[in-house]
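Subject: Structure handover

Hello,

Here is the structure for you to look through. My notes on what turned up follow below.

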Amino acid sequence: MRELRIIVACADSERLRAALVTASAQAALGGKAAVFLQLDAVALLRAPIAARLDDAHEAAGLPTLALLLEDAVALGVALFACQSGLALSNLSASDLPKGVEMSGPVAFLQQTSDEARLLFA
């Protein structure tokens with residue numbers, strides 16, 4: 001199975017939700033998956049993690065954004081936050097949720113093989 005690598009390029013919680021669901025499905029099937037939150041998207045990692053549609057998802061029996069993040073980490077999805085995005089969001093590495101590492105776009109792309117599927121959310 002080809003590795004799946006997703007770049008979340010804006011601070012839209014529903015795009016992050018979709019990226020986490022897709023990456024988690026890939027990991028659950030035994031594949032490798034990684035999600036990189038670029039620039040403004042890093043602000044979505046500010047505690048407490050919440051999304052504007054969390055209530056609707058919970059009412060439908062679906063997980064919140066915070067739970068999706070925890071599940072992705074538990075499944076082995078590699079999660080990365082952009083260094084510049086941390087600065088834009090006035091966050092530090094110690095503010096990141098468990099399992100999220102600091103990185104940059106160059107490093108993320110260097111780790112992306114020619115065979116990997118690269119998606120933008």
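One definition first: buried means under 20% relative accessible area, exposed means over 50%, and partly exposed is in between (1.4 Å probe, protein chains only). Now the basis. This is a predicted model, with residues numbered from 1 along each chain as its sequence is written. Local features need pLDDT of at least 70, side-chain atom pairs count only at pLDDT 80 or more, totals for chains, interfaces and linings use all residues, and side-chain values use heavy atoms, with hydrogens and water left out.

Surface
Leu109 is partly exposed, at a relative accessible area of 45%. Leu109 sits in helix α5 (residues 105-110). Helices (H or I, at least four residues) and strands (E, at least two) are DSSP runs, numbered from the N terminus. Leu109, Leu118 and Phe120 make a nonpolar surface patch of about 300 Å². Patches take residues with over 30% relative accessible area and no salt bridge; like charges are joined within 9 Å, nonpolar side chains (Val, Leu, Ile, Met, Phe, Trp, Tyr) within 5 Å. A salt bridge is a side-chain nitrogen of Lys or Arg within 4 Å of a carboxyl oxygen of Asp or Glu. Accessible areas come from the Shrake-Rupley method with a 1.4 Å probe; for residues, only the protein chains shown count as cover.

Sheet
Five strands form an open sheet with parallel pairing, in the order β4-β3-β2-β1-β5. β4 (100-103) and β5 (117-120) are the edges; each has a single partner strand, so one side of each has no neighbour in the sheet. On average, neighbouring strands are turned by 25° against each other, direction ignored. Strands pair if DSSP finds at least two bridges between them. β1 (residues 4-8) and β5 run parallel and are joined by four bridges. Arg5 has Leu118 in β5 as its bridge partner.

Helix α1 (residues 13-28) lies across β1, β2 (33-37), β3 (78-82) and β5, at about 170° to β1. Contact means heavy atoms within 4.5 Å. Axes are lines fitted to C-alpha atoms, for helices over the stretch in contact; angles run from 0 to 180 degrees between N-to-C directions.

Loops
Ala47 and Pro48 are joined by a cis peptide bond, with omega about -5°. Pro48 is in the loop between β2 and α2 (54-59). Leu39 is in the loop between β2 and α2. Its phi is positive, near 45°, and Leu39 is partly exposed at 35%. Asn90 has a positive phi near 55°. Asn90 lies between α4 (83-88) and β4 and is exposed, at 69% relative accessibility.

Best wishes
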